[in-house]
Amino acid sequence: MTQEITFWVLAVIAVLGALVAVRRRNLIHGVFALMIFFAALAGLFLLLMAEFIAAVQILVYIGAVGILLLFAIMLTERVTGDDARDITSRGSFWGWAAALAVLVFLLLPAIQGADLSQTAQPINPSVKALGHQMMDPYVVTLEVLALLLTAALIGAVAASQGGEKKKEDTDDA
Amino acid sequence: MSELSHESLLKEFPEAQWDEAAGAVILPATNARTIAEWLLASGWDYCSNVTGVDYLEREVKEKITNDAGETETVTRTEPGRIDVVYHLYSIANKTGPLVIKQRTGREGATAESLTPVWRSCDLQEREVYDLFGVNFKGHPDQRRILMWDEFEGHPMRRDYTEPFDYEWEPTPHAEILEKHQRGKVII
Amino acid sequence: MSTTAAPNYELLQQEGLETSLLEISMGPHHPSTHGVFRMDVKLDGETVVELKPVFGYLHRNHEKLAENMSYLSSMPFTDRLDYFNSMTNNWAYALAAEQLVEVEVPERAEYLRVIMAELTRLVNHVTLVGFFVNDLGALGTPLMYAFREREKILDLFEQASGARMMCNYFRFGGLRNDVPEGWLDRTRELVDRFPAFLDEYEQLLSENEIILSRTQGVGNLSRELAINAGITGPMLRASGVNYDLRKVDAYGIYDRFKFRVPYTDGDTGDCYDRFMIRMLEMRESVAILKQALADIPEGDIIGKVSKVFKPKPGETYGRIEGPKGELGFYLIADGTPKPYRYRVRPPSLINLTVLREMCLGGKIADAVVILGSIDIVLGEVDR
Amino acid sequence: MSFQLIIDILIATVPLLVIFPSLFAFTTWMERKALARIQNRIGPNKIGVPCTRVSLFGLGQPAADGIKMIFKEDIVPRGADKLFHLLAPILALIPAMLILCFLPLEFPWGKFMSGKVQAFMLDSAVIFFFAITGLNTLAIFMAGWASRNKYSLLGGMRAVAQMVSYEIPLVLSAVIVVMMVGSLNAKEIADAQSGFNWFVFSPWGLAAFIVFFIAALAETNRSPFDLPEAESEIIAGYFTEYSGFKFALFFLGEYIAMFAISGLAVTLFLGAGDGPFVDAAPWMPAMWFIAKIFGLIAVMIWLRGTLPRLRVDQLMAFAWKFLLPLSIFNILLAGLSYFALDARVANTTDDVIHYVNSGNPFAGVPELGTNEALMGAMIYRGMAGEQNPMAAKKWFLKAALKGHPASRTLVAWWLGIWVLSLVALYVMAKGLNNLSRSTTKPREYLYAE
Amino acid sequence: MSILGGGIFKGMAVTLRNFVGSYFYKERLITNDYDWRPEDKLPQSIGEYPKEEGEQLRDTTTVNHYSRNFPMLLHDGGEPMDTVRCVACQICERECPPQCIYIEKSEDKTERSDNKAQFYPAKFDIDVSVCMSCQICVEVCPFDAIVMNSQFELSTPDRFGGLLVRRDDLLKSNDYYHKIHPQEAATRDQKMVADKAAKEAKKKAAAEKAKAAAEVKAKAAAEAKAKEEGE
């Protein structure tokens, strides 16, 4: 009972957060609404007893992605006000179509496949087990991902350094 | 490097005058900047003090000896003027001061700015502009410095009168204000 | 050697990436502008790209006031110029006025003047260092230690002159009154204990890594610009110029004392130098005080000056080495009891000339530190 | 989910919500008093018991401040985002309160009533801790942005940059403890340090603790990293426009965050509730825990009374060029020396067991301390209950003290590795320091006669 | 090669020393406990402050015998207006730099206890909200009638009227002056006595001179007369 109430509360918060994030004219408000959505999602994970995932959800999505978004927004000029951003309905057809497609082709089969009469079993994926999984069967994937991220990081550094160098060149000239 | 004294300056620029009473060299209005540059080059590297002095038009009684050899008192009207006074020192030679003055009329007072020669004149010339109303030709940033931008008039001029007492507040003695207005109390 | 134009900071502009500047009006009410001073700052991120000092909030036209009252009456107003150093302000004014009438100052008065001036220098430097470290972000601890020592000196001032800060103690031709009994002994005791405090102060501050990295290389001022911009006092000596009016003019009886003038080799001229020069100057002041307190004779305290001070027409410029720099008074007498022209050369104002140059390109935190290292008092800047 | 569970949760959390805010009041008094004494002032000494002249060293001051804060006018700037201006202080307080729940703080009443010792016995408490600490950043940014004040905005930006940067050394230094224990569970970490087996007593643990403490200072915006509220530069930073109760909430949040992060430092490095006479009474662990927290806070206050503030670029450089490399190096060093030591222990264990197996130990000349060494070997192998390398080392140390030769070699190795690690860490830190700020040093001055 | 963080540790040692030292060495402390009396009600004007002489110096930690604060008028004891030294010459009013003194001269002269008729101040008000405690009035006063008081607790809730000190509140006896500024008062009394003596000596000398002159004149006249008569 408690679990269900919690689920519904979190679900409503998540959906509302997502809607506000999309529809809000004020960008900063939008980002914070997005973060509320993330937080509600983390709560849902917790409800499923996937606490590590919940922690990572908060750490990565709120702590890192959210802050990154805020930084990006701080760099843009118009943040608030009526001309903050235009929300047009142009292309909304494609949006609805995509959402419907996801619903029909991904979620419905999943829901149909699941046995809804049973509530979720409290599986307890310990962090240790998760770590072993990551380091044993999926180690190559992990390494590739790490390599990719490192490459992206180095690329970003190189890109920003290039700009600096150009400036120095002009100074010399 | 020439000798650091006003004599060398007077020798180099004969159009400059020596004012014995004030102990100052009065620079000609035309080439004050040139003289200043020469002074800087000859070792007066430090301009300590810049200020203005306002002299109202006044009548001077002078005793002169006329052609007949008699002394008589003549009343002469001395025109009002503003002096911009610079006190120069030499840090390298540790000597000084050399006082130089730029003399200008009270109406539409203008003087050569010596800020390009000595940076230290920057704020002080602005102050002279603000309080005395002397226009400095060639000053890089001539704005009011102590008074606010909308202020009218130049308060350090001797004929300046306050437009109104904007800081007036009631005192226990209204009479003291009256006294002040009658000029009995000097404020 | 024209140094008019300040270096122009070029905004870092990359292709397709524009940054907008943040304009901040720091002051007139800001915790670290040392009074009602304002800096209109333009920031690119945290970097200062434009800085415009604005002052005048405390302007009361001290010069005009003085021109409308007798010579003596403007003595208490000089206290209020640089309200940390009323004794030296008094001295500068008295020196200029004495040049007009050529009065002989008695021996004891001269010694007391030196003692007062050097005590004032201690007061100023010790509190300045406190404020400076406060601007660096310390929570007032050095400032409180400084205030403790300052309070001891101010007690001495109070005993001699009746007031802690607005001393109004000097008179044309001497001093207002003799110091009370036992004052010299108390001063000796204080001077003997002062170096111990300075040791502690240096231990607290001068090797602290954070202070070093915050001040070194910040607000560099070259020797040429410093001379040309009329910078005086410890700031000039920190830029590598050996110029101390106590040595150069030897006004008063400074030629009788043996003391050294600390200065730098002029390579850096940054905030750390300005801070350290003041620390070192305090030790020299202690040395002067020790000599003066040992040699002070008995005798009169004021020379023969007529009760109505009425100098002959003429003009004079008297200057002393104030704790903040060269403090000068330019007086024009016209034979009346009031000065025709009375002008203060304020070291605080003129040292501000280079504020913009020193701050540009630095961080906003540096601007605060640089302002702190210049050592201004708004009572003197605005007059 | 039962009613009992809710009761349990309440029993575990409500004391935290009562105890820590009261401790906050006491801490503000302590901080004011200590700073005053550092600055040779007296500090609050007038307000004591209300309506009397009893001053009680000014202990009534926090209450008076609190009452003043509540009744003060709440000012919202005209251009401010009213919703966010209101939300920010709340958001600053909630995560701080939340992370208190992850501390392995055992209150005896919880134990007696239902056996629950923590609000959340989460398996990944340490990760959760860092995740939720990050939320504080958002609150500060929100406050800075919503105030519509330039100083607030600057303070908010500074706070975000600073807290994001310092989270990395913070986490990396915590990783060492996680490596040693092999668990993210706060309770397990606390248990692993019982019996003065604190992690701060090893070289890498010490280095990690120092890095952690420095980063914690930055994370809680304490001096010398109080840039987001740098008074001399940006007035009060992100709470320039806050007054009254909202300001009090911010203040409370800040102090609770201090408690929380000190609590984490205590958990990770300082043995949690461990200490002398810990078994004397059921409330001793909690007392020790809070005492240690207060010890750390005292150091924070001491630092605040001494140090000026860093500049923003130096702050970033310190995080990225000094703390980050140092903590990565520390992780490597800890791993290497841990393996080396472990291999050596295993070796010694083999020796001891071989010695025992090869003949009758009681027949020949018995070596001194053999029994202890045997005990250590058994514990290390897990032959006497649970496998526990830490406890095994203790037995080997006892054996070495009695004169067991193989154990002595082990202890010599041990000490060698420790000294080498310390030297390596110091050299590394010194080198990094010289790299980042080589030019700043005290100078010599000239004198003119 | 300095120790890493050595400067910071040195600084921390200093602060620790001060922290501990502040509990043991009183001279380390900056502040003094001010004699705070919450039951004191703030007087509505300066005249309501306690006039007992002991009260003026109750806080000896901030005020010592050398402090000056605002001026007061001296009288030589007894009925204040009978022995007041001020003769309303208005020099101090003229010289006061911030113009805070207001004097009205009496219409008539009164007989003083020393049998000399003098003008007296009908009104003598000092606006201490303007006064800057510069002591110029003390220096210019030719009659040693105005000196500096060291009373400093003068706050009132009334900004304009409250800080105006009337003549009767300004009047203080010379004994009180001796009490608050013993050394200065003694010097001043000596000086006054010396001045008086000098003045009397001068007067005497003048009188003698006049007498001598008169004698000479009389003599000359007599001689002339004698001569005349002789002729």
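Predicted model: local features only at pLDDT ≥ 70, side-chain atom pairs only at ≥ 80, totals over all residues.
Where contacts in chain A link residues at least 6 apart in sequence, 55% of them join residues at least 24 apart.

Chain A meets chain D through 17 of its own residues, which are in contact with 19 residues of chain D. On the chain A side, the elements giving two or more residues are α1 (2-23), α2 (27-47) and α3 (51-75). The most comes from α3(A), with 11 residues.

**The contact between chains D and C**

A second contact takes 35 residues from chain D and 41 residues from chain C. On the chain D side, at least two residues each are supplied by α1 (3-38), α9 (231-234), α11 (284-306), α12 (312-358) and β1 (446-448).

Strand pairing also links these two chains: strand β6 (residues 261-263) of chain C and β1(D) run antiparallel and are joined by 3 bridges. Within this pairing, C:Val261 has D:Ala448 of β1(D) as its bridge partner.

| Chain A, touching chain D | 11 residues | 5 residues | 1 residue |

**Helix α5 of chain C**

Helix α5 of chain C covers residues 141-161. At 1.5 Å a residue, its 21 residues should span 30 Å, and the end C-alpha atoms are 29 Å apart, which agrees. Because 17 of the 21 residues of α5(C) are buried, the helix is largely enclosed by the rest of the structure. Just after α5(C) comes C:Gly162, with a positive phi of about 100 degrees.

**Nonpolar cores**

Which residues touch the most other members of the largest nonpolar core? They are D:Phe212 and D:Ile256, in a core of 331 residues. Leaving out residues up to four places away in sequence, D:Ile256 touches D:Phe20, D:Phe24, D:Leu93, D:Ala96, D:Met97 and D:Leu100. There is also a second, separate core of 16 residues, and among them are D:Met375, D:Tyr380, D:Ala399 and D:Trp414.

**Chain E**

Chain E has an open sheet of 3 strands in the order β2-β5-β7, with antiparallel pairing. At the edges stand β2 (101-105) and β7 (164-165); each has a single partner strand, so one side of each is left without a neighbour in the sheet. Strand β5 (residues 121-127) runs antiparallel to β2(E), and 5 bridges join the two. In this pair, E:Tyr102 stands opposite E:Asp125 of β5(E).

The chain is divided into domain 1 (11-180) and domain 2 (182-226). How many residues does each domain of chain E give to the contact? Domain 1 gives 4 residues and domain 2 gives 4 residues.

Definitions and conventions: Residues numbered from 1 in each chain as written. Chains lettered and ligands numbered in written order. Contact = placed C-beta atoms within 7 Å. Helix = DSSP H or I, 4+ residues; strand = E, 2+ residues; numbered from the N terminus. Nonpolar A, V, L, I, M, F, W, Y, C, P; charged D, E, K, R; others polar. Expected span 1.5 Å × (residues − 1). Buried ≥ 20, exposed ≤ 12 C-beta atoms within 10 Å, placed from the backbone. Core = buried A, V, L, I, M, F, W, Y, C linked by C-beta atoms within 7 Å. Pairing = 2+ DSSP bridges. Domains from an automatic or database assignment.
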